Amino acid sequence: SGLAAEALKIPIHYLVADDYKLYEGWERSQLHTPEPSHNPLSIISFDEFRQVATHSRVVLCGYGGDDALRTSTLVEMLRGMSPVDVLVDTIRCVLVDKLRPTLGTRINIRLKRWRAGNPPPPSYPNWLNESFADRLNLAERWQQIKNIKSDAIHPWRSNAYSGIVSPFWCSLFESYDPGASSIPVELRVPFFDVRLLDYLLALPPLPWTVNKQLIRVAMRHRLPNVIRQRPKAPLAGNPITMSIAQGQQPWQNLATMPEIENFVNVNTVLQEAVNCNKVHIWPVWESLRSISLGYWLQQQSAFLRATAFSSPRILVKNIAPNDKI
């Protein structure tokens with residue numbers, strides 16, 4: 001980031017997030033959200049937006065780049081493209097651009113997951129309060145959602161299209177709106193510009209989506225080659241699992257959350273916290289959902305108590321039937 005700022009001749013400011021704790025600041029009224037949310041490190045975004053607000057009312061964000069430029073597998077392309085075009089593009093991609101397309105076979109996908117060490121997302125959470133779950137028929141509704149088959153609307157980039165139209169984005173962007181964050185900063189996401197998405201989804205996948213080749217070519221003469229040609233550099237580890245590995249135990253806070261017992265079986269959550277694999281994010285992420293709900297219920301109770309004493313009172317006298325109002 002420092003090299004990019006220097007090349008573009010723009011000032012750069014950092015927010016060091018190394019020492020933030022899970023659920024830090026969740027007792028603050030500023031972090032209260034209209035509905036339950038699940039981001040144990042949301043204080044980082046809050047402080048980041050406050051930092052931006054000192055000098056700007058608009059912030060640009062790179063959300064959506066992974067989905068907009070998600071590469072199509074060879075199997076996916078063969079479903080909607082001419083086999084000859086796929087063959088020609090693949091040969092050109094390998095020999096000319098020195099890039100390796102993804103096969104997309106089941107064996108290839110499983111091998112990739114095994115190498116990454118990431119298990120698939122867990123199934124229906126068994127720590128929900130049984131009477132609450134039965135009353136709202138949650139298990140059956142969960143199964144109905146899982147059984148929904150998304151139509152491959154795009155002929156050769158269905159995975160990219162599904163990622164772009166995911167309801168996750170709507171929920172995320174709503175949480176950044178000034179009406180929810182109470183910070184006078186508007187988030188703008190260039191990768192979700194409809195004109196740009198139309199263009200990206202019309203391109204042949206090879207070579208432009210492999211390793212985000214399109215951006216690397218477009219940034220020629222704009223960014224130093226050390227940045228433009230660098231391989232993708234993921235984080236050294238997931239911040240949440242690393243926080244737990246360093247000794248943070250957010251599950252202990254459940255003992256101070258009596259409001260949660262109507263929705264969550266606390267003993268089951270604590271048992272799963274002991275047994276779950278603390279290295280992989282999925283089991284930890286799912287287990288922490290109950291704590292996020294507990295904090296939100298506490299915030300909601302405090303908010304209702306505060307508004308009960310501060311809201312104006314309206315006194316109405318007894319009105320006879322013939323009185324004019």
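Leaving aside neighbours within four places in sequence, tryptophan 251 is in contact (heavy atoms within 4.5 Å) with Ile244, Val269, Leu270, Ala273, Lys278, Val284, Ser287, Leu288 and Ile291. The model is a predicted one, in which local features need pLDDT of at least 70 and side-chain atom pairs count only at pLDDT 80 or more, whereas totals for chains, interfaces and linings use all residues. Residues are numbered from 1 along each chain as its sequence is written, and side-chain values use heavy atoms, with hydrogens and water left out.

Trp251 and Ile291 touch the most other members of the largest nonpolar core, which has 39 residues. Such a core is a set of buried Ala, Val, Leu, Ile, Met, Phe, Trp, Tyr and Cys residues joined through side-chain atoms within 4.5 Å; buried means under 20% relative accessible area, exposed over 50%, and partly exposed in between, with a 1.4 Å probe and protein chains only. Among the helices that each supply at least two residues of this core are helix 2 (42-53), helix 16 (239-245), helix 17 (266-275) and helix 18 (281-310), and the largest share, 5 residues, comes from helix 2. Helices here are DSSP runs (H or I, at least four residues), numbered from the N terminus. A second, separate core of 9 residues includes Ala68, Ile164, Leu200 and Leu201.

In helix 17, Val266, Val269 and Ala273 are buried. These residues lie on the same side of helix 17, because they cover an arc of only 60° around the axis, the arc being that of the directions from the helix axis to the C-beta atoms. Asn267, Val274 and Asn275, on the other side of helix 17, are exposed.

Three further residues can be set side by side by their accessibility.

| Residue | Relative accessible area | State |
|---|---|---|
| Threonine 241 | 8% | buried |
| Tyrosine 295 | 13% | buried |
| Leucine 95 | 57% | exposed |

Threonine 241 is found in helix 16 and, not counting residues up to four places away in sequence, touches Lys278, Val279, His280, Ile281 and Val284. Although tyrosine 295 and glutamate 259 are 36 residues apart in sequence, they are 9.3 Å apart in space, C-alpha to C-alpha.

Leucine 95, by contrast, has its place in helix 5 (residues 83-95).
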